[in-house]
Amino acid sequence: MPFSPDQIIRPEILALSAYHVPPARGMIKLDAMENPYTLPPELRDEIARLAGDTPVNRYPDPDAAALKAALREALGIPDGMDIMLGNGSDEIIQIIALACGKPGAVLLSVEPAFVMFRMIATFASMNYVGVPLHPDFSLDTEAMLAAIARYQPAVIFIAYPNNPTGNLFDAVEISRIIDAAPGMVVIDEAYHAFADASFMDKLAHHPNLLLMRTLSKLGLAGLRLGLLAGKPEWLRQLEKLRLPYNVGIVTQRIAEKLLQHRDVLLQQAAAIKVERSSMSRRLSELEGIEVFPTDANFILFRLNQDHKAGQVFQELKQRGILVKNLDGAHPLLKNCLRVTVGMPDENTQFLAVLQTLLVKIEAKA
Ligand SMILES: *Cc1c(COP(=O)(O)O)cnc(C)c1O
């Protein structure tokens, strides 16, 4: 008799619950930080032609040289810095964790943070340490510095802006953390398109700093393309773990084309930012809700104690609106929901349904 899976699979993997993606067919989907806008018809036709002409019988360019050149230009990657591409930035996090996963090595981040930091640390047999933010979701720098001194983390991940809270941490405080870190510090700028801040121009000033970006939140989540920029000394090593054809030929070609038309994506991001302010304002006008400041394409809010986030989440879902329930994800997120900024009519519908629910629950209480 062969062993059963639970005799073979590592105990920490058996203990994990899989990353859950709820079914969303026919729903107003405001749970996953996607750009709600589609591409204009001319551009879609151009992509269709391009995809049709792509030699899918051949392996893609393993170095993706043309795409990298386009990204370098579009994102303003400083001279002297290398780029590594990933199948989404999730894959880049995985490559980094695999590379640093010596026995006992620590991956450190803040809490609450992007859940994949913790999950991928576990995949790669790293020890995960999460340092709680202040209750207003600002960085607890003293606690971070103490954790750095105590655990000597091989790598620190900080999302800037942070997910799921939406805020930008203080850049000076982050720089103190980078200077104190014995290992790599990766600033994850997944929401850069919606924030007016970046560590790109600081890459040259800190030898241990790496910067991660993705095209997902900008409107290309389905293509799966992320990138890491940093000093060649680091990227040369990480490149060894990248599977040779991790970015498919269709993704390479379409991403390159869309970068030539990035004004379209940037206009969509600008529209999302306008809609974000209006939505934050309208949310904060509702009775019994605390809205947190955001520099991303989503808004975190907390319901007061009369309302249960889980119940509001379920009732929104029954009415065809999908948001993210964060109650229970971390003590600091008690009774919190996260909503992605959608198209204006989706947001209006969400706000109207939410208001009705709050009034209804209030009346029952
Ligand atoms: C969405 C997200 C990512 C992952 O994006 P990919 O689609 O894998 O490129 C990375 N970091 C943060 C903080 C995110 O919110």
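How many nonpolar, polar and charged residues does the shell around the ligand have? By class, the shell has four nonpolar, five polar and four charged residues. Here Ala, Val, Leu, Ile, Met, Phe, Trp, Tyr, Cys and Pro count as nonpolar, Asp, Glu, Lys and Arg as charged, and the others, Gly among them, as polar.

This is a predicted model; local features need pLDDT of at least 70 and side-chain atom pairs pLDDT 80 or more, while totals for chains, interfaces and linings use all residues. Residues are numbered from 1 along each chain as its sequence is written, and side-chain values use heavy atoms, without hydrogens and water.

**The ligand**

The shell holds 13 residues. Asp188, Tyr191, Thr214, Ser216 and Lys217 are the closest. Helix H5 (89-100) and helix H9 (216-220) each supply at least two shell residues. Helices (H or I, at least four residues) and strands (E, at least two) are DSSP runs, numbered from the N terminus.

| Side chain | Distance to a ligand oxygen atom |
|---|---|
| Asn163 | 2.9 Å |
| Lys217 | 3.0 Å |
| Arg224 | 2.7 Å |

Taken alone, the ligand exposes 390 Å², and the protein buries 94% of that. These areas come from the Shrake-Rupley method with a 1.4 Å probe.

**The largest pocket**

The ligand sits in the largest pocket, meaning that more than half of its atoms lie within 2 Å of the pocket's grid points. On a 1 Å grid over the protein atoms alone, a pocket is an open set of points with protein on both sides within 12 Å along at least five of seven lines; a cavity is a set where a 1.4 Å probe fits but cannot get out; lining residues have an atom within 4 Å of a point.

The largest pocket holds about 1400 Å³ of space. Volume is the space filled by probe spheres set on the points, which are joined across faces, edges and corners. Of its 45 lining residues, Tyr19, His20, Phe114, Val115 and Lys324 are the closest to its centre. Helix H6 (115-123) gives the most to the lining, with four residues. H5, H9, helix H13 (309-318) and strand E12 (324-325) are among the elements that each supply at least two. By class, the lining has 24 nonpolar, nine polar and twelve charged residues.

**The cavity**

The count comes to one cavity of 30 Å³ or more. The volume of the largest cavity is about 50 Å³. Its lining includes Asp61, Ala64, Leu85, Arg242 and Gln252. That lining has six nonpolar, two polar and four charged residues.

**Backbone**

Most residues other than glycine have a negative phi, and most peptide bonds are trans. Ala64 has a positive phi of about 45° although it is not a glycine. Ala64 is in the loop between helix H3 (41-52) and helix H4 (65-75).

The bond from Glu111 to Pro112 is cis, with omega near 0°. Pro112 lies in the loop between strand E3 (106-111) and H6. The bond from Tyr160 to Pro161 is cis, with omega near 0°. Pro161 lies in the loop between strand E5 (155-159) and helix H8 (171-180).

Conventions. Near = heavy atom within 4 Å. Polar contact = N/O pair within 3.5 Å; in protein donor to acceptor, adjacent residues only side chain to side chain.
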